[in-house]
Amino acid sequence: MQVQFADTFEQTNPAGAYLPQAYREVKREANDDAIRFGRFCAIPHSRQLLLDGSPQEIGGRAFDLLIVLLRSNGRIVSKDEILNEVWPSMVVEECNLRFQVKSLRRALGSQGNMIKTIVRRGYMLIRDDVLVEDDARVDATSSPSLLEIDKPAVTKTSVPYIVLIEDDESVRRSISTLLRSVGLVVASFESVKKYQESAHSPQPDCLILDVCLPGRSGLDFQADLLKTGIRYPIIFISGHADIQMSVRAMKAGAVEFLTKPVRHQDLLSAVDMAINA
């Protein structure tokens, strides 16, 4: 008499019936450990990132960074805290952290903007299912008036002071609102002349310049500052940039050259680099 063992096993044993109890507990714990956010699911046990159930390519350090941010439950995580968690017992340059932040944003694709750079404080991950602490919220919904945007602000020494020179009113409003939403002090002007005529004190921690401005251009103003020995960290933005412009700006010491429309996260990252340069 022949017995079809394979068929008999499949017919009489439900999935997992003959798995050891300890194995089933480990499997259950792994599933319970999963962290779901939006369409994603991060599984620390297997070090997997899933999008709608499909595995996504992500590096080991980027995954560790993701877990640190997810477990923070919406609070700001300092750079030192991240470095200690992702690179324990190692001394690494901050540029490694910035590289892994970029890698994580790439892994999250169109949802990469949920990783926010909080200038001089660290990073945070915005989740719809987690209530963000009031003092850590990145909220650009409350738009100040035009008078508030263009009014030179008095700054405290502990808060970075940003000067924005941009002739387009809508762009000026958008950038000013964004920078204020992450706790920066901003004074904005429509031209280099307006800035020079103002009582521009204190010195800016970062200068954001449009290239094409009425009167003196942003590139010419950069050259004027260098001639007088002033080296502010400068970020250029332009809707009509070419390679020659960007090369000129970077050779003269600009921190970054961004093209319009400027992605908010790119600008925040550039400002973070500028004020820590």
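**View 1. Lys79, Glu94, Arg98 and Asp272 join up in a network of salt bridges.** A salt bridge here is a side-chain nitrogen of Lys or Arg within 4 Å of a carboxyl oxygen of Asp or Glu. What you are looking at is a predicted model, where local features need pLDDT of at least 70 and side-chain atom pairs count only at pLDDT 80 or more, while totals for chains, interfaces and linings use all residues. Residues are numbered from 1 along each chain as its sequence is written, and side-chain values use heavy atoms, with hydrogens and water left out. By the salt-bridge rule, the count comes to 12.

**View 2. Zooming in on Lys79 and Asp272, a salt bridge with its closest N and O atoms 3.0 Å apart.** This pair links distant parts of the chain, with Lys79 in helix 4 and Asp272 in helix 11, 193 residues apart. Helices (H or I, at least four residues) and strands (E, at least two) are DSSP runs, numbered from the N terminus. Are the two partners buried or exposed? Both Lys79 and Asp272 are buried. Buried means under 20% relative accessible area, exposed means over 50%, and partly exposed is in between (1.4 Å probe, protein chains only).

View 3. Asp272 has a relative accessible area of 2%. Setting aside residues up to four places away in sequence, Asp272 touches Lys79, Thr117, Val119, Arg120 and Tyr123, where contact means heavy atoms within 4.5 Å. Take Arg120: it is 152 residues from Asp272 along the chain, yet their C-alpha atoms are separated by 6.6 Å.

**View 4. Ile82 sits in helix 4, which covers residues 79–86.** With a relative accessible area of 0%, Ile82 is buried. Who does Ile82 touch, not counting residues up to four places away in sequence? The list is Leu65, Val68, Leu69, Val77, Trp87, Leu97 and Tyr123. From Ile82 to Leu69 is 13 residues along the chain and 8.5 Å between C-alpha atoms.

**View 5. Asp52 and Arg39 form a salt bridge, with 2.5 Å between the closest N and O atoms.** Asp52 is in the loop between strand 3 and strand 4 (54–56) and Arg39 is in the loop between strand 1 (35–37) and strand 2, so the pair ties together parts that are 13 residues apart in sequence.

**View 6. Arg47 can be found in the loop between strand 2 (40–43) and strand 3 (48–51).** Arg47 is partly exposed, at 42% relative accessibility. Leaving aside neighbours within four places in sequence, Arg47 is in contact with Gly60, Phe63 and Asp64. Arg47 and Gly60 are 7.9 Å apart, C-alpha to C-alpha, and 13 residues apart in sequence.

**View 7. Asp266 and Arg263 make a salt bridge, their closest N and O atoms being 2.9 Å apart.** Asp266 counts as partly exposed at 33% relative accessibility, and Arg263 also counts as partly exposed, at 47%.

**View 8. Asp167, Asp168, Glu169 and Glu190 gather in a patch of negative charge on the surface.** Patches are made of residues with over 30% relative accessible area and no salt bridge; like charges are joined within 9 Å, and nonpolar side chains (Val, Leu, Ile, Met, Phe, Trp, Tyr) within 5 Å. Accessible areas come from the Shrake-Rupley method with a 1.4 Å probe, and for residues only the protein chains shown count as cover. Lys and Arg count as positive and Asp and Glu as negative, while His and the chain ends are not counted. The place of a charge is taken as NZ of Lys, CZ of Arg, CG of Asp or CD of Glu. Asp168 is partly exposed, with a relative accessible area of 33%.
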